[in-house]
Amino acid sequence: MKIASVTLFCNEGFRLNHWVQYFSEYKDDIYLQIIVNNGNPEDTIPLKICFPDAVVLFSKTSNMIASYNLAIKYVLKKLIADSILQITNDLRIEKGGLAQIHEILFREQHHGMISPILLKKDS
(Lines give C-alpha, C1' and ligand atoms only; values in the text may rest on other atoms or scores of the structure.)
Protein backbone atom coordinates (compact mmCIF):
# COMPACT_ATOMS: atom_id res chain seq x y z
CA MET A 1 0.00 0.00 0.00
CA LYS A 2 1.66 3.18 -1.21
CA ILE A 3 -0.50 6.22 -0.47
CA ALA A 4 0.66 9.66 -1.53
CA SER A 5 -0.97 12.53 0.34
CA VAL A 6 -1.41 15.91 -1.29
CA THR A 7 -2.07 18.97 0.85
CA LEU A 8 -2.24 22.67 0.01
CA PHE A 9 -0.75 25.24 2.33
CA CYS A 10 -1.68 28.88 1.85
CA ASN A 11 -0.44 31.42 4.39
CA GLU A 12 -1.64 29.25 7.27
CA GLY A 13 1.32 29.41 9.62
CA PHE A 14 -1.05 29.59 12.56
CA ARG A 15 -2.13 26.01 11.76
CA LEU A 16 1.31 24.43 11.55
CA ASN A 17 1.51 23.18 15.15
CA HIS A 18 -1.90 21.51 14.93
CA TRP A 19 -1.13 20.09 11.52
CA VAL A 20 2.11 18.50 12.75
CA GLN A 21 0.16 16.93 15.62
CA TYR A 22 -2.62 15.62 13.35
CA PHE A 23 -0.15 14.32 10.79
CA SER A 24 1.75 12.38 13.45
CA GLU A 25 -1.39 10.29 14.01
CA TYR A 26 -1.49 8.91 10.45
CA LYS A 27 1.99 9.51 9.04
CA ASP A 28 2.90 5.82 9.20
CA ASP A 29 0.17 5.11 6.62
CA ILE A 30 1.59 7.64 4.15
CA TYR A 31 4.21 6.51 1.67
CA LEU A 32 4.83 10.02 0.34
CA GLN A 33 3.63 13.37 1.62
CA ILE A 34 3.45 16.22 -0.87
CA ILE A 35 2.74 19.74 0.32
CA VAL A 36 2.03 22.46 -2.19
CA ASN A 37 2.84 25.91 -0.89
CA ASN A 38 0.04 27.88 -2.49
CA GLY A 39 0.94 31.20 -0.91
CA ASN A 40 4.08 32.98 0.23
CA PRO A 41 7.38 31.45 -1.00
CA GLU A 42 8.90 32.21 2.41
CA ASP A 43 6.58 29.61 3.95
CA THR A 44 8.53 26.85 2.20
CA ILE A 45 11.31 26.86 4.82
CA PRO A 46 9.01 26.37 7.86
CA LEU A 47 7.15 23.65 5.96
CA LYS A 48 10.39 21.78 5.28
CA ILE A 49 11.38 22.13 8.93
CA CYS A 50 8.03 20.84 10.23
CA PHE A 51 7.79 18.08 7.60
CA PRO A 52 11.38 17.09 6.78
CA ASP A 53 10.39 13.95 4.85
CA ALA A 54 7.78 15.70 2.70
CA VAL A 55 8.17 16.91 -0.85
CA VAL A 56 7.38 20.63 -0.71
CA LEU A 57 6.43 22.20 -4.03
CA PHE A 58 5.75 25.88 -4.66
CA SER A 59 2.83 26.83 -6.87
CA LYS A 60 3.21 30.02 -8.86
CA THR A 61 -0.55 30.45 -8.91
CA SER A 62 -3.11 30.83 -6.16
CA ASN A 63 -5.50 28.63 -8.13
CA MET A 64 -6.21 25.64 -5.88
CA ILE A 65 -7.04 23.21 -8.68
CA ALA A 66 -3.82 24.08 -10.53
CA SER A 67 -1.89 23.59 -7.30
CA TYR A 68 -3.45 20.19 -6.63
CA ASN A 69 -2.72 19.23 -10.23
CA LEU A 70 0.94 20.21 -9.73
CA ALA A 71 1.22 17.66 -6.93
CA ILE A 72 -0.79 14.98 -8.72
CA LYS A 73 1.40 15.34 -11.82
CA TYR A 74 4.47 14.99 -9.59
CA VAL A 75 3.17 11.68 -8.25
CA LEU A 76 2.14 10.38 -11.67
CA LYS A 77 5.52 11.24 -13.22
CA LYS A 78 7.35 9.39 -10.45
CA LEU A 79 4.98 6.39 -10.54
CA ILE A 80 5.52 5.85 -6.85
CA ALA A 81 2.03 5.57 -5.42
CA ASP A 82 -0.93 3.21 -5.63
CA SER A 83 -3.35 5.97 -4.67
CA ILE A 84 -3.37 9.71 -4.09
CA LEU A 85 -5.13 11.19 -1.11
CA GLN A 86 -6.21 14.82 -1.23
CA ILE A 87 -6.23 15.92 2.36
CA THR A 88 -6.68 19.16 4.26
CA ASN A 89 -4.04 20.14 6.75
CA ASP A 90 -6.44 20.31 9.68
CA LEU A 91 -7.98 16.86 9.23
CA ARG A 92 -7.67 14.24 11.95
CA ILE A 93 -7.63 10.64 10.76
CA GLU A 94 -7.61 7.60 13.01
CA LYS A 95 -4.61 5.34 12.84
CA GLY A 96 -5.49 2.77 10.19
CA GLY A 97 -8.15 4.99 8.61
CA LEU A 98 -6.14 5.52 5.45
CA ALA A 99 -5.69 1.78 5.04
CA GLN A 100 -9.48 1.41 5.19
CA ILE A 101 -9.93 4.03 2.47
CA HIS A 102 -7.25 2.37 0.36
CA GLU A 103 -8.95 -1.02 0.74
CA ILE A 104 -12.32 0.43 -0.31
CA LEU A 105 -10.73 2.08 -3.36
CA PHE A 106 -9.25 -1.19 -4.61
CA ARG A 107 -12.14 -3.46 -3.57
CA GLU A 108 -13.98 -2.87 -6.85
CA GLN A 109 -12.23 -2.57 -10.19
CA HIS A 110 -14.47 0.30 -11.33
CA HIS A 111 -13.66 2.51 -8.32
CA GLY A 112 -11.50 5.47 -9.23
CA MET A 113 -12.17 7.84 -6.38
CA ILE A 114 -13.46 7.56 -2.82
CA SER A 115 -15.31 10.41 -1.15
CA PRO A 116 -15.97 11.47 1.49
CA ILE A 117 -12.99 10.55 3.60
CA LEU A 118 -13.46 8.77 6.91
CA LEU A 119 -13.55 11.42 9.59
CA LYS A 120 -12.73 11.25 13.26
CA LYS A 121 -15.02 12.99 15.73
CA ASP A 122 -14.13 16.69 16.19
CA SER A 123 -12.11 16.58 12.98
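Reader: In which sense do strand β1 and strand β2 pair, and over how many bridges?

Author: In general, the strands of a sheet pair through backbone hydrogen bonds, and the pairing is either parallel or antiparallel. In this predicted model, β1 (residues 3-9) and β2 (residues 32-37) pair in the parallel sense, over six bridges. Within this pair, Leu 8 stands opposite Val 36 of β2.

Reader: In what order do the strands of the sheet stand?

Author: The sheet is open and has four strands, in the order β3-β2-β1-β4, with parallel pairing. The edges are formed by β3 (55-58) and β4 (83-86); each has a single partner strand, so one side of each is left without a neighbour in the sheet. On average, neighbouring strands are turned by 25 degrees against each other, direction ignored.

Reader: How many disulfides does a search of the whole structure find?

Author: A disulfide is a covalent bond between the sulfur atoms of two cysteines. Here, the search finds zero disulfides.

Reader: How accessible are Cys 10 and Cys 50?

Author: Cys 10 is partly exposed, its relative accessible area being 33%. Cys 50 also counts as partly exposed, at 27% relative accessibility.

Note on methods:
Residues are numbered from 1 along each chain as its sequence is written. This is a predicted model: local features need pLDDT of at least 70, side-chain atom pairs count only at pLDDT 80 or more; totals for chains, interfaces and linings use all residues. Side-chain values use heavy atoms; hydrogens and water are left out. A disulfide is a pair of cysteine sulfur atoms within 2.5 Å. Buried means under 20% relative accessible area, exposed over 50%, partly exposed in between (1.4 Å probe, protein chains only). Two strands pair if DSSP finds at least two bridges between them. Helices (H or I, at least four residues) and strands (E, at least two) are DSSP runs, numbered from the N terminus. Axes are lines fitted to C-alpha atoms, for helices over the stretch in contact, and angles run from 0 to 180 degrees between N-to-C directions.
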